[in-house]
Amino acid sequence: MREKTLQAILGCLLHDVGKLVYRSGSAEGTNHGVLGQAFLKECFPQPDVLDCVRFHHKADLLHADLPNESPAYVAYIANSIVEGKVRGSSEREEEEQDYIHAPLRSVFNLLHGNTLDYSYGTAYYDDERIPFPDNGGKNEISSGQYLQILHEVREHLKNVQPAEPYINVLLSALERCLSFVPSSVGNKDASDISMFDHLKMTAAVGACVSEYLTANNRPGFRDEIWGREEAFCQEQAFLMFSADYSGIQKFIYNISSKGALKTLRSRSFMLELLMEHLCDELLTECGLSRTNLIYTGGGHCYILLPNTQEVRNKVDAISARFNQWLRQNFGIRLYLSAAYTECSANDLMNIPEGDHPYKNIFMRLSHALADNKLHRYTADEILEMNQQPLLSGERECKTCGAMDRLLPDEDICRWCSVFRNISGLLRNEELLIMVTPRPIADLPYIELPRSEGEAYLHLTNEDRVREELSRGTDILRIYAKNKVYPDLERSTTLFMGDYCHNSLLEELLDDSEGIKQIGYFRADVDNLGSTFTSGFERKTDDPAERYRYVSLTRTAAFSRRMTMFFKYYINSILRGNPQVGRFRLRGKPEDERGRKVIIIYSGGDDIFMAGQWANVIEAAADIYRAFRRYTAGTLTLSGGICIHALKYPIHKAANEAGELEDAAKKLDGKCGITLFEADDSLTFKWDDFLNRVIGEKLHQIQEFFDFYANEQGCGSAFLYRLLTFLRSQYLTGDKINIARYAYLLARMRPSGSASARYRSAYREFSTHMYRWIMDNRDLKELICAIYIYIYLTRAKYDALQEAKS
């Protein structure tokens with residue numbers, strides 16, 4: 001990394017720290033550049049960084065006497081681009097005076113044309129709490145809270161040195177300190193961009209500007225920027241890069257049942273690492289840091305790069321190298337699609353609005369990726385693959401079915417062996433992944449490609465990492481799972497949705513109620529692609545107003561919130577976070593150990609999990625309710641749930657759950673859930689399923705049949721007959737056979753000697769049953785409720801039948 005680019009990144013990451021000082025009231029003055037400079041002199045006295053902080057506004061630069069190569073000019077233009085305009089000489093503090101205690105508002109407020117008023121009631125990053133926004137509340141951030149945040153920033157800076165290995169450490173620290181602090185709070189601001197997102201994006205743009213000018217032999221930042229801002233903003237100075245792994249679903253799920261669960265989680269984990277590793281390798285080769293990583297998740301990424309020939313060459317070379325490695329290790333099962341497109345600062349600022357250039361960036365990328373997927377391999381690469389030796393087919397891997405790379409004298413391939421061996425390590429809450437250019441003999445590792453050679457990702461812990469650092473081991477980078485290590489150089493926090501109640505599916509069925517079956521749930525967010533590209537557009541013909549809230553920073557902030565839900569907060573939801581509460585099929589005591597489920601995969605916007613079938617339904621309901629609350633009701637998700645015997649192949653269950661998910665997405669407006677079978681009769685809107693199927697029908701059935709079982713000994717045989725009748729009525733659409741229905745219900749009528757309580761319960765039950773069969777919507781909900789009740793009680797029924805016989 002070039003020294004000037006390093007200083008620009010650090011300066012941009014800290015340029016607004018003076019706002020914390022100003023809002024805390026801990027120093028006199030209103031110019032946050034001056035206040036920030038004074039604050040950093042005490043704890044991070046780097047001259048170039050201090051200049052970026054002091055002079056990142058035009059009014060201050062106007063009278064500054066800085067060297068031509070000062071990165072302060074880069075910080076100024078980067079801040080202007082991220083703000084969405086080349087700003088004039090006026091300051092903003094006077095606009096903030098009446099709003100300095102305003103909270104961060106939710107980035108979901110403006111989605112899909114909404115004008116909501118949700119805000120966060122906390123200014124702190126809390127590991128134990130999910131940041132659900134409050135609607136119309138009187139949240140505020142007090143001066144005392146700003147003082148505490150300022151203190152935490154100061155403490156973190158003590159662990160940071162002005163060197164490349166510490167950029168990601170600083171980035172993680174700022175994310176924890178400033179994720180719920182608004183960047184701007186003036187009365188004309190939406191105030192939904194956190195200070196962290198603003199600083200990170202400013203650093204991304206600043207790094208690109210520094211690299212672009214330097215690589216093109218234009219190191220005089222003042223000459224290139226000052227006084228010619230508009231001309232510079234028209235230059236194609238940036239590349240928007242995107243990459244996408246094809247074949248993820250088949251790679252994860254297309255395995256046999258033997259040892260499937262362990263390898264499924266390991267395969268999912270490896271793919272997450274493969275994308276993170278690709279991003280870091282690319283950024284390192286281009287002389288950048290993770291500040292330029294806009295989004296990563298679900299096997300997809302976006303990175304902002306400088307538009308230089310050197311960077312283009314690096315991107316092409318690394319993409320080719322990764323695909324070569326994928327072919328060598330997995331044949332055509334996995335493929336990396338990669339593309340980039342030129343853009344200017346004006347494009348990033350969506351200028352001119354009427355041409356929607358910002359949206360066009362992502363449309364061009366999408367088309368380029370699609371074209372890349374249609375033309376995956378060059379003629380030479382196809383020739384190379386066709387020259388591979390033919391395999392005898394006498395042996396194949398018992399897990400994935402591959403016939404190559406089999407271990408000697410074993411019926412398993414090398415990769416499945418790796419996945420099996422690391423599966424137990426993934427449950428370690430203190431897991432650290434140490435990336436080195438050479439293997440460390442006594443540590444398990446995953447071998448991945450580099451631009452040249454290989455990288456070895458060792459799964460270990462904090463003590464071993466610090467030991468290797470003290471020995472001087474060549475460590476490329478360190479990944480920490482769901483935890484920040486503020487004094488560990490080269491470390492990056494990777495958030496992973498990896499909740500696991502028990503790694504053995506059979507043990508999830510211990511002491512479970514009802515049938516001994518495993519449930520599988522697959523779901524993803526509805527319309528996320530269109531939301532990502534045009535979700536912040538307003539519904540108006542005026543271009544200026546239509547694209548008023550469309551910006552790179554808002555897109556990045558939105559993406560980060562989504563990633564945090566599916567990669568971090570979902571763990572807390574499944575553990576039983578009291579903020580969410582636990583949805584129950586039956587009113588049973590709380591299980592403090594969390595849901596009996598296992599996350600197999602949870603990416604940027606989707607999830608696949610397995611577990612005890614009733615817990616899977618309840619956990620799916622928890623996730624849906626939490627997601628709606630987390631996104632202020634602006635986004636929905638659709639999913640499918642199937643249930644099978646313990647020995648049923650997981651890859652088949654995954655495919656079936658995917659088909660059910662597809663059925664749910666056919667609902668108008670989506671937001672659906674399909675259970676058991678991929679047809680209309682078992683597909684519902686989420687709220688209808690929770691409130692009408694479970695809250696109304698299932699509750700009524702439970703009320704009566706639980707009571708009836710105690711009075712009469714059993715009632716499930718009647719439900720089986722009733723279910724057959726109701727399904728026939730619904731599927732054929734024939735006129736209701738009331739006489740037949742009345743006969744079935746009459747068989748449950750209490751005898752003359754029955755208790756008054758039983759008679760009353762029967763009257764209420766039969767009244768509801770007659771009403772529900774007359775309406776098609778009620779009828780399909782009743783069918784689903786009976787299914788669930790039978791599954792909940794069938795084990796008890798089977799035991800009684802066995803005792804009678």
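This is a predicted model: local features need pLDDT of at least 70, side-chain atom pairs count only at pLDDT 80 or more; totals for chains, interfaces and linings use all residues.
Reader: Which residue forms a salt bridge with Lys483?

Author: A salt bridge here is a side-chain nitrogen of Lys or Arg within 4 Å of a carboxyl oxygen of Asp or Glu. For Lys483, the closest N and O atoms of the pair are 2.8 Å apart, and the partner is Glu430.

Reader: How many residues apart are Lys483 and Glu430?

Author: Helices (H or I, at least four residues) and strands (E, at least two) are DSSP runs, numbered from the N terminus. Lys483 sits in the loop between strand 10 (477–481) and strand 11 (491–494), and Glu430 in the loop between helix 19 (414–422) and strand 7 (432–436). The pair links distant parts of the chain, with a separation in residues of 53.

Reader: Is Arg321 buried or exposed?

Author: Arg321 meets Glu454 in a salt bridge of 2.8 Å, N to O. That pair joins helix 15 (residues 309–330) to strand 9 (residues 454–460), 133 residues apart. Glu454 is partly exposed at 26%. Arg321 has a relative accessibility of 11%, so the class for Arg321 is buried.

Reader: Where does Arg727, the salt-bridge partner of Glu677, lie?

Author: The closest N and O atoms of Glu677 and Arg727 are 3.8 Å apart. Glu677 is in the loop between strand 16 (672–675) and strand 17 (683–685), 50 residues away from Arg727 in helix 28 (residues 716–732).

Reader: How far from Asp51 is the nearest side chain of opposite charge?

Author: Asp51 lies in helix 4 (residues 47–54) and is buried yet has no salt bridge. Lys and Arg count as positive, Asp and Glu as negative, with His and the chain ends not counted. The nearest side chain of opposite charge is that of Arg54, at a distance of 8.0 Å.

Reader: How many salt bridges does a search of the whole structure find?

Author: Among the residues involved, Asp688, Arg692, Glu696, Lys697, Arg777, Asp778 and Glu781 are linked in a network. The number of salt bridges in the whole structure is 52.

Methods. Residues are numbered from 1 along each chain as its sequence is written. Side-chain values use heavy atoms; hydrogens and water are left out. Buried means under 20% relative accessible area, exposed over 50%, partly exposed in between (1.4 Å probe, protein chains only).
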